[in-house]
Amino acid sequence: MKKVINITLGGVVFAIEEDAFTALSSYIEAIKKSLSGNADRNEVVIDVEIAIAEKLVARKCNEKKAVTVSDVEAVTLEMGNPSDFKDENENNKKQTEEIHSDSGTKKRLYRDGENTVLAGVASGIAQYFDIDPVIVRLVFVFATLINGFGILAYIILWLVVPEAKTTQQKFEMRGEQLTLKEIKEQVKKNLENIQNTNYEPVKGLWAKIRKVLITIFDIVGRLLRGIFGFFRYFFGLGLILLGALGLAGTVSVFSVALLSGTIIHQGEVQATLEIIRSSTLGVITLLSAFFVTVIPLFVCILAGLSMLAKRNHFTIAKSVSLGVIWFSALTFFATLLIIQAEQIVLELEAQGYDHGGHSIHVHSDPFRITVSEAPADESGLFPSDITESQFGNQYLESSLSEYFLRQSEFSWQTSDTGYRFCTLENLDTNETLFPLSVWVFCSEYDMDNGVLKALSGSSGPVKVFYPNENSFYDVRNFSHVHPRDGSLYSKDIQRIFSPEVQERIRIFDVTELQKKNEIFARDNIARWLKIKDAVLRVRLKVFSKHIAEILLYN
Amino acid sequence: MEDVVHNKKNDSVLDSSESYDTENAKSQMRKGFLEFPVLLIIGAKPSYVADILKELKVANLLVVEGTLYPLLSRLKRHGLLEYTWEESRSGPPRKVYSLTSFGSSVLEQLEESWKTLDTSVNTLIKKYEKGN
């Protein structure tokens, strides 16, 4: 049973058996090749096809009989070798070209099915290295006898290396160019083989064993190739993904490192990067590090692509150049790093980083400096136009006021619209150091149509303490003592205050202080209301504009 | 001793005869001047390839069919030949080649030069045969 193909040749339809078709088409292809450079090439090919058709008709092939291999053989013998079609009187320019293009034929490893003891592995290798297959066979036998490696290698090669089946593959195996005579010879050989297999059934024990083995290996080989083909997609896809993600990550990390330098907000890493970036040498180091990481990722992608496309993307030139770039980048990186390492460590130490450990030692406390330099709250409750203070320090007075505003027994809120103020007077004018004796006047006010109204408040002598008289005035650290009300009042005053201060308290006129507090209050409330009003107006303006815009666009 | 030397000589002769492809030389010679007999055949009467092949065979000028097609195409391209299509009862149509007037004049010149060549080669052959 044979497959039959329908073809037209010189305008005549023929049914041609598959193997005969292969032989005939390779014959015509060979003729075409031998005619390359001939000005009449197409015409001659048509002539030849017509001639072949005529001959096949003469053999009654267009009637009920299909064209067989022997028909093709007879016809091609009559027509002549493809090389006979070369016209000697045509110019020979093209021939040299042909040789050039043919010299690119690559030699590939195949199993030689025509020259076998078992599966043609040895003869295939022998073809590949242009040596006698007997030598290869001996090596296999020898390697098997020594440690069994030979048989293992043979089995693996049997499974992995495909058999040269088509004419093209057979020529690739031999590393020969597809010359015309050789094609013809190959076709003849194929025919002989077909006949041999037809007429000479397998004989002998070895032949039987061989046949069974070949069948088994054929199945196993197909299975393995199938499994590999299945996993190839996953593996290839994985490699591409790995490479692409890695590439994207590396590119972003390096671009950030080079441009802004804030990869991790960790002092040491940050500082190291800063030092590296600050010098040209450092930038080159970073660039070479970039190449060192990027090239393997690129290779990953190429390998993945090769697996997916079943095509080797690694040309020798590409591989070599990638290898050279990678290796030189690595050398560059290592050398530069060693050169710079010492300097980096020195600079890190100078900046206060201890390169030995991961902990960061900050040698000076920045907080103290910042806070000490920052002025106390100037805005809001206290007018800034007080330059001289009865405490000798404007900030001390502000802090004290702030402190008493926070003490609920001195100042408290009774109305949502109320504003609270505290004013102080130093009772001991000679003393500006803690503990201080002061008279405190605190009150809550409300502004009603421009008239200031007192809502709540208190007034009285107090002694104020601060843990460190030289330090600055943290409101949280103040403490105070004040005389209790009622019958205990005068007794407490005597206990708390010095005699001079007691005298002052006795004659103290609170109206002065009250006035002062009211003036403060009026000024500040007015100011505050103005600000509030201004803010409100701005808000209104923005809001109305916004509304107008919305209306406009709708 | 003499025998050995003699053998060696023989060997070297054998070697050179192997590297020189006599068959190839003969076929080249035939191919080289094939134009002339082909023109002669077509000049006698318009013919198609099978006719030409038959005539060549009769004249003992054995060539394979394949050699003829490029040759005929070239002669046609250079204006020595022209062809007409002729229907065939058994197969595809055939090309029937005939000489153009330019072809006839070329053929005349070739005939002339062949005749002179023939006499000169023949005298050389006669001399050579006499010498042996």
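Predicted model: local features only at pLDDT ≥ 70, side-chain atom pairs only at ≥ 80, totals over all residues.
A quick word on conventions: residues count from 1 along each chain as its sequence is written, chains are lettered from A and ligands numbered from 1 in the order written. Local features need pLDDT of at least 70, side-chain atom pairs count only at pLDDT 80 or more, totals for chains, interfaces and linings use all residues, and side-chain values use heavy atoms, leaving out hydrogens and water.

Let's start in chain A. Helix α2 (residues 41-58) and helix α3 (residues 69-79) of chain A have axes that come within 10 Å and cross at roughly 130 degrees. Helices here are DSSP runs of H or I with at least four residues, numbered from the N terminus. The axes are lines fitted to C-alpha atoms over the stretch in contact, with angles from 0 to 180 degrees between N-to-C directions.

Who touches whom? On the α2(A) side, Val48(A), Ala51(A), Ile52(A), Lys55(A) and Leu56(A) meet Asp71(A), Val75(A), Glu78(A) and Met79(A) of α3(A), where contact means heavy atoms within 4.5 Å. By class, that contact has 6 nonpolar, no polar and 3 charged residues. Nonpolar means Ala, Val, Leu, Ile, Met, Phe, Trp, Tyr, Cys and Pro, charged means Asp, Glu, Lys and Arg, and the others, Gly among them, are polar.

Now over to chain B. The axes of helix α4 (residues 49-58) and helix α5 (residues 65-77) of chain B come within 11 Å, crossing at roughly 120 degrees, so α4(B) and α5(B) are oblique to each other. Here Val49(B), Ile52(B), Leu53(B) and Leu56(B) from α4(B) meet Glu65(B), Leu68(B), Tyr69(B) and Leu72(B) from α5(B). This contact of α4(B) with α5(B) divides into 7 nonpolar, no polar and 1 charged residues.

Note on methods. Helix = DSSP H or I, 4+ residues; strand = E, 2+ residues; numbered from the N terminus. Parallel < 35°, antiparallel > 145°, perpendicular 65-115°, else oblique.
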